[in-house]
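This briefing concerns aromatic rings and the charged side chains placed over them. Please look at the sequence and the model shown here before reading the notes that follow.

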Amino acid sequence: MTSRIFGALAAVVAVAALAPVALGGQSSPKRTETAKAIPRTPDGRPDFQGYWTNATFIPLERPAEFAGKSEMTEAEALAYQKKRELQENSQSKEDIHYDNVLWQTESYSKGMPDRRTSLIFEPADGKLPPLTPAAQALAAARAAAASRRGPADAAEYRSLGERCISWGNDGPPMIGATYGNNLHILQTGTDVVIRHELMRAIRVIPTDGRAHVGPNLRMLNGDPRGRWEGDTLVVDTTNFTNRTPFRGPPATTRADIFSGEQMHVVERFTRVDADTIRYRFTVDDPGTWVRPWSAELILRKWEGPIFEYACSEGNYGLTYILTAARALERGQ
């Protein structure tokens, strides 16, 4: 069954176009008034299949300007969206080598699916919990080691994103990135498959009741297991490595945050209507944060399909970085 799923994925080719979305600052429509019938599979489960985007301007953590507020006013949401659009798409007119608008065209469609001031809703202040003392010491040690050895001494010292391994956006949790925040979900009676546009990441989530793999097998994206609680798909993921990047591709010289091997993520997918999935997750990593934290994202349906992300094929930047470093060492 899995091979047929991958075969179907490989056949996806076309031009992507995001479906229209609500303007920023508008509150979510009242579900009781506008909800459409929830599509279902032949076995009666909610059908999550199709193309979705988790692009949003709502920040993961609550900005200082909204301290003590869980929701923006309509005027604040409109102003915040305008500010974020300018930040993501402005650049010097002399810069002819990189066009933010070209790379981030979907930013105009990110919008504000609701007016929350942060994706995080627990803790109530909308902030990540403090790092544990052990996590702080580990981050400082990694930063010191990176400074001593030089960020371009070898390919493995560059970030996982630069090496075309992971941006961290595929999760879990699936927080999203600057661009390419698009998903393709496929579903059978025994598996749910989530294919991400960015970095071509594919998550295969068994829903047939099988147990997690043994504790000695570790993976960047962990070992997911799905189960149904009514109409909600609950995904339980364990068996992470201690090198899984958190919040996108880490830099190579600062105190980066990585998940720990103790991390446990529980995701909840609930199809609200024909065009919306509410995605909630809880992260419990006692080796990294002093307490668990939870957040919510809205997945919005769009037409698709998603683009191929040919990272490795076009990754000349990494070669040039290492080549330039060797030239500097030779005094050239």
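In this predicted model, tyrosine 279 is buried, its relative accessible area being 0%. Phenylalanine 281 is likewise counted as buried, at 3% relative accessibility.

**Aromatic pairs**

- Eight aromatic pairs are found in the structure, and one of them joins phenylalanine 48 to phenylalanine 269 in an edge-to-face arrangement, with 6.5 Å from centre to centre and 65 degrees between the planes.
- Because phenylalanine 48 belongs to the loop between α2 (31-34) and β1 (50-53), while phenylalanine 269 belongs to strand β8 (residues 264-273), this pair ties together parts that lie 221 residues apart in sequence.
- Phenylalanine 48 is buried, with a relative accessible area of 2%, and phenylalanine 269 is also counted as buried, at 3% relative accessibility.
- Tyrosine 279 and phenylalanine 281 form an aromatic pair that is tilted, with the centres 5.5 Å apart and an angle of 40 degrees between the planes.

**Aromatic cluster**

- Phe48, Phe269, Tyr279 and Phe281 are among the members of one aromatic cluster, which also includes Trp228, Trp289 and Trp293.

**Charged groups over rings**

- Arginine 280 lies over the face of phenylalanine 121, at a distance of 4.4 Å from the ring centre.
- Lysine 301 has its charged end over the ring of tryptophan 52, at 4.8 Å from the centre of that ring.

Note on methods. Residues numbered from 1 in each chain as written. Predicted model: local features only at pLDDT ≥ 70, side-chain atom pairs only at ≥ 80, totals over all residues. Heavy atoms only, no water. Phe/Tyr/Trp six-rings, centres within 6.5 Å; stacked < 30°, edge-to-face > 60°. Helix = DSSP H or I, 4+ residues; strand = E, 2+ residues; numbered from the N terminus. Buried < 20%, exposed > 50% of the residue type's maximum accessible area, 1.4 Å probe, protein only. Lys NZ or Arg CZ within 6 Å of the ring centre and 35° of its normal.
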